[in-house]
Amino acid sequence: MNAPSRLTREWRFIRGAIRALKATTHIGRNRTRVFPHVIAELAATHGDRPALISDKENFSYAELDARANRYARWAQDNGVGKGDVVALMMANRPDYLAFWIGVTRVGGAVALLNTNLGGAPLAHCVAIVRPKHVVVGASLAQAYASAHPLVALDPKPAVWAHGGDAEGWPRVDAAAEALSGDPLPPQELPELSIDDRALFIYTSGTTGMPKAANINHYRLMAISHGFMGAMGIRPDDRMYDCLPMYHTVGGVIAAGSPLLAGASVVIREKFQASRFWRDVVETECTLIEYIGELCRYLVHTPSCPDETRHKVRLACGNGLRPDVWPQFAERFKIPTILEWYAATEGNVALFNFDGMPGAVGRIAPYLRWKFPTKIIRFDVEAGEAVRGPDGRCIECDVGEVGEIVGKILNDPSKPSMRFEGYADAEATSKKVLTDAFEPGDRWFRTGDLMRQDAQGYFYFVDRVGDTFRWRGENVATSEVSETISVFPGVEEVTVYGVDLPGYDGRAGMALIVPAAGDSLDLEGLHAHLAQNLPAYARPVFLRIGTGLEITGTFKQRKVELVKDGANPATVADPLYLAHPVERRYVPLDAELYDALASKRVRL
């Protein structure tokens, strides 16, 4: 198939941008119309039309709205008023969406807890939002019970079970079922605006404790409506949603955006690569949402007839790496891929409307005035922006790698440029860059390194914390990972930098999980890396493992790996060194490690 012409790409970009802008421009003009109101309007329009479908419960539009009304009454009966917080820890199901719609309908804010947490990390997430109540799915009762005694609040929040009896807690779903599903009288509802808080959504915690991002009703409306427009969702569409609903992608984009168009959402509790395509075919889904490494997992599954018998017309998501993109599109016959870039809490949003492979989005040169986003020079070693003699930041040249930032404005006419911050004020301040280009200006720091080409396409390079310096050069771990991932026999890989006694900077290390039944050709891998990477970027160390630790949103966790380092005395997995004399990977034992540290063997 011939690549589309530049003119065709430009038309696709313009058409997609117009759809997204048209879907969102009304939000700022109608400041008292918020997402729970929209759900009521949709129920009146679509009634018995299927809204949410799962193996636990199915809701029509009318049933979803009625269920939300029951939870709204439950919230009022239990002292939840405007601004109060309720935390929710529940596996994916339609009632998840109904619950937070109901609580936000009466002015509450819902903190969406990560279902993979327990103990101290979960207690931290609860404490920082100070909820009145915590609602816990029965299957997660043990995990929450391990955290509740550690929640540093007095009094501690009341705990409710959902979906089954657990720990002696009262049943929130049973309590709600006893209440009316009729619309609440207007006089019982608080006045809400798009400036009021709706949700707390937590960062994934890849580099430490999660932070609770403030999501106001404007952001909730903008995300759901914007993606409805960007995807061009139609009433006859069905979205396949197997992503965590505690995250923006699974809980707002995939679950909420289709409803605005009168479409349906098929909700699954979790992603299962082995049954993904069969399920998509059986449920007749036309849209799929991806994130992180999900697409890489799919291309590593054995071939099956259903992978090309589906009706999928569009795959939408972020984190589809350039090395996986062509395999994913060609093998699974995906007509359109809509890759995008955004942070839950941030004010930088990019869309790749025209399908330029590898790009996370684009701001055309003629639209830069409308979207004040810049890539600025960044000192990886110092961990901060580079400033010139005048004390101001320096915008990167075309093709130069730097941190992408978005200008923060508290202008009511430009709500998309706000930064609502986190529940933790200190965490908020760390994400704001001040006096960057003129006195008093403020910019949101994404923490992501990118480059932009002359046509305005943005390409992700690495996370700020993942890039490291070795031999005086910056090493982008994502680019090294992509190079290793295409080598035969590699199932999964993650790359990071480790401290090595006696050496400046951090030496590159790759944890590789070989494909099942394959033995990794280390000599061939060494030659492959020598051919495709500069010397400073080639991993000094290899660690051969059996799996990678990932977050619930398919992001790799490297914190513990960096702490482990490359010392055979503390790492149980087999280790290898790119030997500087033998020019191959050799087993790394305690004697060889000591030789490196003492410089008897020099890198």
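Two strands pair if DSSP finds at least two bridges between them. Strands (E, at least two residues) and helices (H or I, at least four) are DSSP runs, numbered from the N terminus. The model is predicted, so local features need pLDDT of at least 70 and side-chain atom pairs count only at pLDDT 80 or more, while totals for chains, interfaces and linings use all residues. Residues are numbered from 1 along each chain as its sequence is written, and side-chain values use heavy atoms, with hydrogens and water left out.

Strand 26 (residues 507-514) is a place to start. Strand 25 (residues 490-498) runs antiparallel to strand 26, and eight bridges join them. Thr-494 has Leu-511 of strand 26 as its bridge partner. Strand 26 also pairs with strand 27 (residues 541-544), here in the parallel sense and over four bridges; Ala-510 is bridged to Leu-542 of strand 27.

Together with helix 15 (residues 522-532), strands 26 and 27 form a right-handed β-α-β unit. Right-handed means that, with the strands pointing away from the viewer, the path from the first strand over the helix to the second runs clockwise.

Seven of the eight residues in strand 26 are buried, that is, under 20% relative accessible area with a 1.4 Å probe, protein chains only.

A nonpolar core is a set of buried Ala, Val, Leu, Ile, Met, Phe, Trp, Tyr and Cys residues joined through side-chain atoms within 4.5 Å. The largest one has 115 residues, and Trp-100, Leu-199, Leu-259, Trp-277 and Phe-328 touch the most other members. Helix 8 (residues 217-231) supplies the largest share, nine residues. A second, separate core of 44 residues includes Val-475, Val-498, Leu-511 and Val-513.

Notes: Buried means under 20% relative accessible area, exposed over 50%, partly exposed in between (1.4 Å probe, protein chains only).
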